[in-house]
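Subject: Structure handover, with notes on rings and helices

Hello,

Here is the structure for your set. Please open it first, then read the notes below.

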Amino acid sequence: MFKLTSDFKPTGDQPHAIRSLTEGITSGLKNQVLLGVTGSGKTFTMANMIQQLNMPALVISHNKTLAGQLYQEMRDFFPQNAVSYFVSYYDYYQPEAYIPQTDTYIEKEADINELIDKLRLQATANIMTRKDVVVVASVSCIYNIGSAEEYGKFTLEVKKGDNADWNALGKRLIELLYERSEFDFKRGSYRVRGPYVDIYPAYEDFGYRINSKDGFITLIEKFEPLSGKILESGETLKSIIIYPAKHYLMDPSVFKPAEAQIRNDLKQEYTQLKKDGKLVEAERLLRRVNYDLEMIKEVGYTNGIENYSRYFDGRKPGEPPYTLLDYFRISYKDNFLVFIDESHMTVPQIRGMYNGDHARKKTLIDFGFRLNAAFDNRPLTFDEFYEIPPHMVYVSATPNEWEIEKSKQEIIKRDDRKAKLHEGVVEQLIRPTGIIDPKITIRPAKNEVQDLIKEVEERVKRKEKILVTTLTKKMAEDLSDYLKERNIRASYLHSDIHTLERSDVLDNLRKNEFDVLIGVNLLREGLDLPEVFLVAILDADKEGFLRSKTALIQTMGRAARNISGEVIMYADVVTNSIKGAINEIDRRREHQREYNKKHNIKPKTIMKPIREKIAEKPDDPFYILNAHKPEIDQKAVADLDSSALTGYDKKRVVKKLEREMRRQVDDMNFEFAIAIRDKIRELRSQTT
C-alpha cells in the first residue's frame, strides 16, 4: 500500500483535480490533462492520485534536473515506499558517428556515472519485486535496456540451510555479471573469505554476508561495506534474492544461433555493397563485424555490442526494443500510471528521439561501419511508446494542443455520464498559498546588461535571489564571470554541468552560497526555488523556441513562489509571444485574486526545506574532475594525489584530463591547459 506522508492536505483546486483525474482513471480513460500553474502543487496532486488508486507509477520528465527535483519530492511524500530515479547514466557521451564530407569516423566514447547506474538498477529491481513503486525518469526510459523477462530469469536466491558451495555461488554471480574482487569491494562485486562470502549488490548501498558451517549456509547478514557494521542480523534474513549487475544480459546458449544469423546477414549485406560498387565499404563491414564477433566470443563484450542487441534479444527486424516501460507492463499488466510532467516539452522530445537516432545510424550503415541490425538498437517511436501505458496524465502549466485534443477526443467517445467527469482537461489554477502571479515589467534591451547589474546590486543588498535567462551557454558563462568581477556572487547552470551536480547548484543558491543564477533552458519548467524574488529575461523579443509564449510563461513561473516575485523582460519590441504570455498571466492572476478574496486568504511565500541529495558523491580523490567548471582550477589539478590510484584509475583520469585540456584550449585558457598537460604526462609516466 502507498502511504503518503505530508503536513498538508489538498486544498484550493487540488481536491477537484484529484477527484476528477482519479475518476477518469477508474472509468478507463487513457488520456487526461492536468493544467496546473506554477506553485499550485501539481506534484502533490500526482502523489495523492497514486495513493488513492494504489497503483505503481512512472513519472517522465524532459530533463534530468527536473527529474531529480521530482524524485526528491516523491521520495519525501512516500518514505516507506519504493521511489526510484532512472535517467541516462552517462557523465560524458560521444555517440559513434561518421562524417562523409571529411571522411571522419568518431568512435563511441562514454563515462558511466556509477551512482546513477546504481539508481537505475535499483529502479528495475524494485519493479520486479514490489507493487508500491514510483519511478521518476527522463526520456532515457524509452531506450533499449534489454529484455525484462530475461532480466527476471537471471536471479540468485540464497537461503539458510542451502549447501555452502562457494564455487557454484561464484559461477552464478559471474553469470549475473558480478566481478570477484578481494581487495576493491564495490557495487557489483563479491569476495570469498573462508567461511563466508560478501556480496555487494549493484543496486544497493549495503552488502550481504553469507556465513557457513559444516558445509551449509547458517547465517545471512546485511552489513555496511565501508565499516563492516552489521545493519540487520541473520535472525530476520531467512533468504535473499540477488539481481544482475547490469541490465543487458546475454544467455550464453543464445550466442551460437545469434552468431550464425549475424554471419548470414553479413554475407548478404557484404554482397549487396559490392554490387553497388562500394568496395571499400564492403571490406570495412567485413573486418568490423568479424572483429566484433571474435571479441564477444572471447571476452563476452565489444565496443558497440548494443548494435547486435536484436540478435541476442530474439527480436525480428523492426520490432521495438525492450525499455523500462516493458518492466512496468510485464510486472503490472494494465495496472499502472504514467505521468508526463511538463508535457509541452516532454511529448515533443519523446516524439523526436527516434528520427535523430535513425539518421545517425543510416550514415554508419551506408558507409559500412554497421550492419542494418544497428537500426534496431534505438529508442521507441512515439506510436510504440503511446501504445504501452494504460493511463496517461499530461501535466503542464502550458499543455500543447495535441495533449488537449487527445484527451477531449476520448471524452467525446464516452457516454454522457462519464463525459460529465470533466472535458479531458482539469485546471488547477489556485495556489494554496494565495500567491498571485508575479508583476511583469518590460524594459529596453539596448542597455540590458547595465540595467540588470544595477537591479541585481540593489536586490543583493536586500538579500534577495535572482534568476537570469540568456539565449546561449557562452553568454551565461560570460555574464557569470562579469558579475563576479564586480564582486557579485554568481553561478551558471546549463547542460554541460553533470547530472548530479545540477541539483547541487540549485541547492547552493538556496543555501546562500551565491545570489545570482544564470542559465539558458534549465531555468524554466518546474524548478522549485522559493527564495527567488526576481526573474530577468534577456533578449525577450528574440522570437523562437526559447522566447515563445510557452517558454516565457514557464520562465515567469519561477518568480511565482514568492509573494514579492517580479519579472523583468528586456525587449525593444513587444512580440506576439510576449503579448500572449502577459495576457495568460493576467488571466491567472485575476482568478487567484478572486479566490483569495472569497476565502479571505492572505498570500504567503512558500517555505520548503532543502532536500537530501539524490546520491552522495563517491569517495574519489579525482571526483573534482567531474564537478562543474568553476571548481576545476589549477590548484585542484596540481593537488591530485596519483599515489592512491591503480593503473586502471590513472588511465581513466588521463582521459578526463585530456577532454578538460581541449576545452580549456578552446576557451583560450592556455596556462591552465599547460598545467593539465603536465599532469597528464606525470600520470602517463607512472602507467608505462
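A charge sits over a ring if NZ of Lys or CZ of Arg is within 6 Å of the ring centre and within 35 degrees of the ring normal. Keep in mind that this is a predicted model.

The charged end of Arg120 lies over the Phe86 ring, 4.2 Å from its centre. The charged end of Arg191 lies over the ring of Phe185, 4.1 Å from its centre.

Next, the overall picture. The protein chain has 22 helices and 25 strands. Of its 688 residues, 55% count as buried. Take the contacts between residues at least 6 apart in sequence: 74% of them join residues at least 24 apart.

Now the aromatic pairs. A pair of aromatic rings is described by the distance of the centres and the angle of the planes. Searching the whole structure gives 19 aromatic pairs. One of them is Tyr98 with Phe369: the ring centres are 4.8 Å apart and the planes meet at 40°, so this pair is tilted. Planes under 30 degrees apart would count as stacked, and over 60 as edge-to-face. The pair links distant parts of the chain, 271 residues apart. Tyr98 belongs to strand β5 (residues 97-99), while Phe369 is in the loop between α11 (343-366) and α12 (382-387).

Tyr394 and Trp402 form an aromatic pair that is edge-to-face. Their centres are 5.9 Å apart, with 90° between the planes. Tyr394 is buried, at a relative accessible area of 1%. Trp402 is partly exposed, at 28%. Both residues belong to one aromatic cluster, together with Phe382, Phe385 and Tyr386.

Last, a helix pair. Helix α15 (residues 448-461) and helix α16 (residues 473-485) have axes that come within 12 Å and cross at roughly 50°. That angle makes α15 oblique to α16. The crossing of α15 and α16 is right-handed. Which residues of α15 and α16 make the contact? From α15 they are Glu448, Val449, Leu452 and Ile453. From α16 they are Met475, Leu479, Tyr482 and Leu483.

Best wishes

Note on methods: Residues are numbered from 1 along each chain as its sequence is written. This is a predicted model: local features need pLDDT of at least 70, side-chain atom pairs count only at pLDDT 80 or more; totals for chains, interfaces and linings use all residues. Side-chain values use heavy atoms; hydrogens and water are left out. Rings of Phe, Tyr and Trp (its six-membered ring) pair if their centres lie within 6.5 Å; planes under 30 degrees apart count as stacked, over 60 as edge-to-face and the rest as tilted. Helices (H or I, at least four residues) and strands (E, at least two) are DSSP runs, numbered from the N terminus. Buried means under 20% relative accessible area, exposed over 50%, partly exposed in between (1.4 Å probe, protein chains only). Axes are lines fitted to C-alpha atoms, for helices over the stretch in contact, and angles run from 0 to 180 degrees between N-to-C directions. Angles under 35 degrees count as roughly parallel, over 145 as roughly antiparallel, 65 to 115 as roughly perpendicular and the rest as oblique. A crossing is left-handed if the near helix is turned anticlockwise from the far one by less than a right angle, and right-handed if clockwise. Contact means heavy atoms within 4.5 Å.
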